[in-house]
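Please open the model in your viewer and keep the selection panel at hand. The tour below goes from stop to stop, saying at each one what to select and what can be found there.

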2 protein chains.
Amino acid sequence: MKELLAESSNVGYPAGMEATPAVQACIPTAGRRERKKQRTREALVDSAFRLFAEKGFEATTVEEIADAVDVSSRTFFRYFASKEDVLLTFQDEQFGAMKEAFAARPADEPVITALRRASVSILRACEDGAFGFDPERFGCIRQLMESSPAVFGSSLEHGQRKHAEMTRLVAERMGVDPVTDMRPHVVAAVVNGVFHTAFELLGSGAVRAERFSDALSELLLTLEGGINFPAAAAASPASAD
Amino acid sequence: MKELLAESSNVGYPAGMEATPAVQACIPTAGRRERKKQRTREALVDSAFRLFAEKGFEATTVEEIADAVDVSSRTFFRYFASKEDVLLTFQDEQFGAMKEAFAARPADEPVITALRRASVSILRACEDGAFGFDPERFGCIRQLMESSPAVFGSSLEHGQRKHAEMTRLVAERMGVDPVTDMRPHVVAAVVNGVFHTAFELLGSGAVRAERFSDALSELLLTLEGGINFPAAAAASPASAD
DNA sequence: CCCAAACGTGTCACGCTGTGACACTTGTCG
DNA sequence: CGACAAGTGTCACAGCGTGACACGTTTGGG
């Protein structure tokens, strides 16, 4: 689970610049301070999830979350920008995993197909608890999004903030330049929209699917008939090897 | 402009229940009270837009808005559920107009095409001040959405709340049942996503378009190549007359 | 014409979120 | 060990949003 937090793994040193050898002591489990901080953070997340599940999102105050871990509410806000932010952390993990899965799809799959297979596989992992994902938390978030507009809203916003990254990935796969070609933008927009709609359909019971992954899969399959642009590999067989 | 606020016009009496004849005195410009309330509301909207444009969204407090109209901040919240809500009012008008325009598109146009033409025509009206729309406010909202995440977020949320309605309209045009056919849902999701992406592209300057309507048009045109389901009229020539 | 119910509003009080400033403790490194 | 940095608590505060109650005005009816 932790490895998904590893900040996309290739950031930090702009390619071509080797880390100064003296600073290689930066192993993740460095000082006691760092470890303590990590423990506090996780305790806060735990506490938040427990209370949210127990009393609902709005009914839970930041002070309660902090008190349960025996820190001040001020400290809570040093770890999270807002009450909603606690939940977004988890979504970041999912998104990171999905990016990896997407990148790993065979190059001859069209984008929407690849996106569907990647996201469905990750979601299933979340639902089943595979991979180190906690299915309890996944379910909790789902429930919170359905019951609390504030949570749903911040999830929408958060998703939109991922837009640029998604666009870049799609453009890469398609082998086009997102500055001149609008298709990657459209794909990212569309997928994001479908994601949230799947959530809503599930919440309102307007779809016979039980699991989120099933609802999403169905929507994306529908979409596939239309907007399914071929990947670069399929479009230009020149680079096929 | 006011007629767009007319609450979709067919709500109020569940079909088959005639209004009690004695209550037909409900002309919109009824009592003095009603008129005064309307004036206060508009004054608040005016005040809010002026201050937002002048000092930005977050920097403007509800108290300032209310003070400028000489009412208490408590009263502000009797008119609007939140600070963001003032802006959403305007978006409702646009959405209403767009629904009308969409419904008025020729029956042989595929959904995305119809959606594109309808929304672009309304947006152009907003931009040009046709139709009673105030282009100044339109521009103001655009700027606020780009600069303030809170505004953008609530717009996202608001858009999602319109989802069900949009789905219904699309399903109607396609002549299918949205319970069994997922396509209308996908269309609604997709269009909503593209809308917000157009906004974002425009804000980040990632598109050469100057006007929002141009950016949206380009994205929807791109989309059209793919997901463009035929309308019911085109699909089943049985009803062609 | 006047009275009473309904309605809009102001005022007061409050809880919660989120932030800034400053002091204090604890870990870290030379 | 001693200086410095990082994390935390405390206090103060601004702003959003809501509940309760009192006061004035509108409205409609006897």
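**Stop 1: an annotated domain**

Begin by selecting residues 38-98 of chain A, where UniProt, in an unreviewed entry, places the feature "domain: HTH tetR-type"; UniProt positions are given here in the numbering used for this model, feature names are shortened, and annotations may be inferred rather than shown by experiment. This is a predicted model, in which local features need pLDDT of at least 70 and side-chain atom pairs count only at pLDDT 80 or more, while totals for chains, interfaces and linings use all residues. Residues are numbered from 1 along each chain as its sequence is written, and chains are lettered from A and ligands numbered from 1 in the order in which they are written.

The selected span, residues 38-98 of chain A, is 77% helix and 0% strand, and its end C-alpha atoms lie 24 Å apart. Helices (H or I, at least four residues) and strands (E, at least two) are DSSP runs, numbered from the N terminus.

**Stop 2**

Now colour chain A by secondary structure, and 11 helices and 0 strands can be counted. Of the 241 residues of chain A, 33% count as buried, where a residue is buried if 20 or more other C-beta atoms lie within 10 Å of its own, exposed if 12 or fewer, and partly exposed in between, with C-beta atoms placed from the backbone. Among contacts in chain A between residues at least 6 apart in sequence, 58% join residues at least 24 apart; two residues are in contact if their C-beta atoms, placed from the backbone, lie within 7 Å.

**Stop 3: helix 1 and its surroundings**

Select helix 1 of chain A, whose 24 residues should span 34 Å at 1.5 Å a residue, and whose end C-alpha atoms are 34 Å apart, which agrees; the expected span is 1.5 Å times one less than the number of residues. Which residues of helix 1 of chain A are buried? They are A:Leu44, A:Ser47, A:Ala48, A:Phe49 and A:Phe52, and the buried residues of this helix pack against helix 2 (62-69), helix 3, helix 4 (85-103) and helix 6 (135-147) of chain A. After helix 1 of chain A comes A:Gly56, with a positive phi near 90°.

In helix 4 of chain A, pick A:Ala97, which is buried because 23 other C-beta atoms lie within 10 Å.

**Stop 4: the DNA-binding region and a loop**

Next select residues 61-80 of chain A, which the unreviewed UniProt entry annotates as "DNA-binding region". Over residues 61-80 the chain is 75% helix and 0% strand, with the end C-alpha atoms 14 Å apart. In the loop between helix 2 and helix 3 of chain A, look for A:Asp70, which has a positive phi of about 65° although it is not a glycine. Is A:Asp70 buried or exposed? A:Asp70 counts as exposed, because it has 10 C-beta neighbours inside 10 Å.

**Stop 5**

Select DNA strand D together with the 19 residues around it, among which A:Ser72, A:Arg74, A:Thr75, B:Gly31 and B:Ser82 come nearest; a residue is near a strand if its C-beta atom, placed from the backbone, lies within 6 Å of it. Two or more residues of this surface are given by each of helix 1 (32-55) and helix 3 (73-79) of chain A, and by each of helix 1 (32-55), helix 2 (62-69) and helix 3 (73-79) of chain B. By class, the surface near DNA strand D has 4 nonpolar, 6 polar and 9 charged residues, where Ala, Val, Leu, Ile, Met, Phe, Trp, Tyr, Cys and Pro count as nonpolar, Asp, Glu, Lys and Arg as charged, and the others, Gly among them, as polar.

Then move to DNA strand C, where A:Gly31, A:Arg33, A:Ser82, B:Arg74 and B:Thr75 come nearest of the 19 residues around it.

**Stop 6: where the two chains meet**

Finally, show chains A and B together: 30 residues of chain A are in contact with 30 residues of chain B. Helix 9 of chain A supplies the largest share of the side that touches chain B, 12 residues. By class, that side of chain A has 14 nonpolar, 12 polar and 4 charged residues.

Chain A can be laid on chain B with an RMSD of 0.1 Å by a turn of 180° and a shift of 0.0 Å along the axis, copies being superposed by least squares on the C-alpha atoms of residues with pLDDT of at least 70 in both. That is the relation of a two-fold axis. To find the axis from chain A, select A:Gly226, whose C-alpha is the nearest to it in that chain, 2.0 Å away.
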